[in-house]
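Okay, everyone, thanks for coming.

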Amino acid sequence: MSRQAEPLSVVDLTAAAACCPPLAQQRVPGEVAAALAPAFKALGDPVRLQLMSMIASAAGGEVCVCDLTPAFDLTGPTISHHLRTLREAGLVDAERRGTWVYYRARPQVLRQLAALLSVESTSAPPP
């Protein structure tokens, strides 16, 4: 029996928008930073960033691991390790279908990461 890690719990988007503006506007609260840091850390690896891009841009919203592995000059176990890291960080969901595993991006997490990094200001620039 394979052991699946629980995905990272996602900070509620409405609560995050109300209490946690982009880091360019206000300091990020500790609990939000702790919740989102594993996702940023997971994306800090070039292979995982490429995998995330392939998954998020997949036609139909999901992609089979059998389509991801050939895109890299890495072994299957190495790709599986990177995909597990993305899953444990809460960035993707996975579903086993027979022999293969299919991955889907979690758009709500990607939106939170993007919102936190937004540099758009809602206030007027200083004189």
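Let's start with A94, which stands opposite Y103 in β3. That's one spot in the pairing of β2 (residues 92-97) with β3 (residues 100-105), antiparallel over six bridges. Strands here are DSSP runs of E, at least two residues, numbered from the N terminus, and two of them pair if DSSP finds at least two bridges between them.

Quick word on where this comes from: it's a predicted model, with local features needing pLDDT of at least 70, side-chain atom pairs counting only at pLDDT 80 or more, and totals for chains, interfaces and linings using all residues. Residues are numbered from 1 along each chain as its sequence is written, and side-chain values use heavy atoms, leaving out hydrogens and water.

Back to the hairpin. There are two residues between β2 and β3, and G98 takes a positive phi near 65°. R97 stands opposite W100 in β3. The charged end of R97 also sits over the ring of Y102, 4.2 Å from its centre; that call needs CZ of Arg or NZ of Lys within 6 Å of the ring centre and within 35 degrees of the ring normal.

Now, β1 (residues 63-64) joins β3 too, antiparallel, through two bridges. There, C64 has Y102 as its bridge partner.

Definitions and conventions: Helix = DSSP H or I, 4+ residues; strand = E, 2+ residues; numbered from the N terminus.
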